[in-house]
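Dear colleague,

I am handing over the structure below. My notes on it follow.

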Amino acid sequence: MSEITALLALQSDDLEIHEIETKLAALEPRIAELDARRRRLADAVERQQALVTAEEKKQAFLRDKIAEHRGLIDRNQAQLDAVKTMRQATAAAAQMEQAKKIVAGEESDLLALNRRLEEMRGALNGVKGELAALEAEQSTARAEVGEQRSALDAELAAAAARRAETAKAVPSALRTRYDRIRNKKRVHVVVALNSLSCGACDTAIPMQRRHAMLASNSIELCEVCGVMMYHQA
Ligand SMILES: [Zn+2]
């Protein structure tokens, strides 16, 4: 097998690998879009949960205060029962009135808070439901993308194994040169002369050089675009 044939076989394997990698890369935006839609709802759930938690803390605090003030009323009642004089009775009754007013205000606050909390929990359940629905809706798409990805991964592994075999037929110095050019992101590294010029950039190649390439079956670099040129017999 000539060097050129071996090198072209290597390039053909590399083009196949490149194609598989392109397909794999094309899956990324689909996955990213699925993730972005899910994240928007997951964030909404998190925000709503934080609101509910904060409101629950206020509720617990208010309940404690009401219990405390009710205890105060009970003590006032006991004092009122124990008073001996009218003056003491008036003072205790006034204190009692005051405490009852405070508790009544707090209880009305608690009612309003309970209603608000119910609404917030409703909204939380709403976004949780949306998230669950989206996850169910996405599971098919995610499974599909996952299958495509593992199929492509398997193809890629097989292509890489083939490439490793093909590479053995290319002399190592030539392979190093080829790999170096290829790593600069070129897809086509080895190109045939296009009658009078470089097959990639169309730079004219002098006749003498073309003839020498044909005679020796040699592979030469294009000084202008850097590809490896050969003369097709
Ligand atoms: Zn060129």
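At roughly what angle do the axes of helix H1 and helix H3 cross? They cross at roughly 35 degrees and come within 12 Å, with H1 covering residues 3–82 and H3 residues 172–182. Axes here are lines fitted to C-alpha atoms, for helices over the stretch in contact, and angles run from 0 to 180 degrees between N-to-C directions. Helices (H or I, at least four residues) and strands (E, at least two) are DSSP runs, numbered from the N terminus.

This is a predicted model: local features need pLDDT of at least 70, side-chain atom pairs count only at pLDDT 80 or more, and totals for chains, interfaces and linings use all residues. Residues are numbered from 1 along each chain as its sequence is written.

The crossing of H1 and H3 is right-handed (the near helix is turned clockwise from the far one by less than a right angle). H1 contributes Glu3, Leu7, Leu10 and Asp14 to the contact, and H3 contributes Leu174, Tyr178 and Arg182; contact requires C-beta atoms, placed from the backbone, within 7 Å. By class, the contact of H1 with H3 has 4 nonpolar residues, 3 charged and no polar (Ala, Val, Leu, Ile, Met, Phe, Trp, Tyr, Cys and Pro are nonpolar; Asp, Glu, Lys and Arg charged; the others, Gly among them, polar).

Ser195, not a glycine, has a positive phi of about 45 degrees and sits in the loop between strand E1 (190–192) and helix H4 (207–216). Asn217, also not a glycine, has a positive phi of about 60 degrees and lies in the loop between H4 and strand E2 (220–221).

Regards

Notes:
Two residues are in contact if their C-beta atoms, placed from the backbone, lie within 7 Å.
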